[in-house]
Amino acid sequence: MKTKCGTFILPLLIALNCICKAQDSSQKPYTDEHRPQVHFSPAQHWMNDPNGMVYYNHTYHLFFQYYPKDIVWGPMHWGHAESKDLIHWKQLPIALYPDSLGYIFSGSAVVDSNNTTGFGKNGKIPLVAIFTHHDPKGEKDGTDKFQNQSLAYSLDGGGTWTKYSGNPVLKNPGVRDFRDPKVMWYGPEKKWVMTLATQDHISFYSAPDLKNWKKESEFGIKAGAHGGVWECPDLFPLKMNGKTYWILIVNLNPGGPNGGSATQYFVGNFDGNKFSPLDSNTRWLDYGPDEYAGITWSNTGSRKIFLGWMSNWQYANQVPTKAWRNAATIPRELSLKQSKGQILLVSKPVAELKNIEEKTIVLKQPVVTKSLDLTSKINKLKSRYVLKLSFATLKDYSIRLSNTKGEELLIGYDPAKDEYYIDRTKAGKMDFQKNFSGRFTAPRQSAAKNSDLILVVDKSSVELFADGGLTTMTAIYFPTGDFNNLAVKTTGKLAINNISISGLRSIWK
């Protein structure tokens with residue numbers, strides 16, 4: 001039998017313990033094992049899809065799927081972070097909490113400059129979030145109508161949010177997977193266009209005011225990869241040689257080129273009503289195992305900046321981190337290029353990454369005979385650097401990141417198969433999930449004789465950008481000690497135009 005005193009003291013002790021833990025974690029933020037130092041990750045707890053990415057008042061807002069009570073997936077909230085330069089991030093209070101309509105699943109945000117919603121007051125421009133309400137009770141009861149689209153708005157530049165009293169604004173017609181609205185303004189017809197993931201295809205809706213939606217068309221039932229559910233779409237224009245093309249991004253889980261979740265895209269035309277692809281080819285934005293749910297920022301003009309979740313649903317809940325789990329990729333600028341008879345997306349790290357580069361070392365015209373040891377150039381960089389190589393003639397090579405414990409990550413090019421690869425079979429901790437270990441490949445998309453490679457290396461991840469960004473791969477790994485050794489290897493003799501290595505300062509104070 002509890003006394004009144006015990007009833008009071010026990011919760012007090014629990015609260016004090018929580019406060020002490022919070023204080024302990026805040027004293028040494030972002031220094032725990034495997035913590036990314038140049039990528040966004042939440043200070044604590046679970047993160048998945050980037051959401052509501054919008055640029056407003058010289059600030060990049062990043063919302064993200066967040067569970068603030070554990071490091072595994074749970075009832076979804078919208079976490080919130082902001083940046084002035086796409087590199088340094090400040091985590092803010094949670095923007096959207098679950099409510100009587102359900103969890104807060106993925107979506108987007110826009111600047112309603114013309115106040116089409118009527119949310120703006122006293123000259124204040126509203127930011128409007130469009131998201132999926134996911135009703136767990138409806139899902140448990142077996143109905144197909146447990147996902148609906150809703151709105152929230154902010155009149156203080158994204159600091160605080162108010163949910164619209166008329167939610168949901170787009171009710172489910174009976175489609176089990178009906179989610180992840182990505183909304184843009186379509187100027188020629190003065191309307192908002194919503195790109196929505198609907199099970200195994202995309203549905204397009206339009207509205208003049210973000211509230212009264214009508215269905216326009218569907219796309220994709222017989223196009224692209226269909227190894228899993230379609231999720232987190234995006235639609236936007238890009239110009240190449242003065243001509244406008246429309247890009248439709250569709251994330252897929254499972255069914256990626258190297259297993260599990262991945263991001264595919266289509267190149268075509270959009271007339272305000274329907275999307276028409278140029279061809280039926282399946283294109284992958286990133287061939288690595290660890291880029292998913294990627295979309296672009298709204299309100300950035302002709303510049304298209306992409307961000308993905310740096311994990312894979314095969315093992316996202318099991319990776320060996322403690323206070324936090326999962327991170328975002330480096331923001332990437334997208335453009336178009338014609339290669340091998342196709343129009344392809346090119347991905348490059350945003351130019352702002354240079355703002356944290358330091359101690360650049362350049363080796364001009366080194367010749368690799370079997371192996372070139374670069375350990376002395378990177379062993380003080382704390383596993384944070386950008387490595388760039390350029391070749392007049394592309395031949396076989398491998399880049400070995402390793403430590404004194406015998407763990408290694410291999411990255412390279414195989415001319416016999418004309419493909420790039422990342423091999424993490426010996427890169428550290430593997431026992432948390434059977435599908436984590438592996439050698440992952442990506443076809444070379446360029447036919448040029450010459451080549452270049454950029455690697456963005458962080459504490460527990462590498463992002464590969466080859467041939468000007470025509471081929472992109474992302475992979476995470478969990479070594480038991482920093483990869484402070486670096487070598488370039490080849491089977492014969494390899495002439496390199498130049499090698500440059502730039503250290504990267506941590507983005508966390």
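**Exercise 1.** In which strand does R332 lie? Then work out whether R332 is buried or exposed.

Solution. Keep in mind that this is a predicted model. Start with the fold: R332 lies in strand β21, which covers residues 332-339. Next, check accessibility: the relative accessible area of R332 is 0%. Buried means under 20%, so R332 is buried. Finally, look at the partners: the R332 side chain makes a polar contact of 2.9 Å with the side chain of D286, and another of 2.7 Å with the side chain of T474.

**Exercise 2.** Find how the rings of W73 and F105 are arranged, and say why.

Solution. Some context: the model has 34 aromatic pairs. For W73 and F105, the ring centres are 6.2 Å apart and the planes meet at 80°. Planes over 60 degrees apart count as edge-to-face, so this pair is edge-to-face. W73 sits in the loop between β2 and β3, while F105 is in strand β5, so the pair ties together parts 32 residues apart in sequence. As for accessibility, W73 is partly exposed at 35%, whereas F105 is buried at 11%.

**Exercise 3.** Now do the rings of F204 and F270.

Solution. Their centres are 5.5 Å apart with planes at 45°, so call this pair tilted. F204 belongs to strand β11 and F270 to strand β15, so the pair ties together parts 66 residues apart in sequence. Both F204 and F270 are buried.

**Exercise 4.** Over which ring does the charged end of R424 sit?

Solution. The charged end of R424 sits over the ring of F436, 3.7 Å from its centre.

Key
Residues numbered from 1 in each chain as written. Predicted model: local features only at pLDDT ≥ 70, side-chain atom pairs only at ≥ 80, totals over all residues. Heavy atoms only, no water. Helix = DSSP H or I, 4+ residues; strand = E, 2+ residues; numbered from the N terminus. Buried < 20%, exposed > 50% of the residue type's maximum accessible area, 1.4 Å probe, protein only. Polar contact = N/O pair within 3.5 Å; in protein donor to acceptor, adjacent residues only side chain to side chain. Phe/Tyr/Trp six-rings, centres within 6.5 Å; stacked < 30°, edge-to-face > 60°. Lys NZ or Arg CZ within 6 Å of the ring centre and 35° of its normal.
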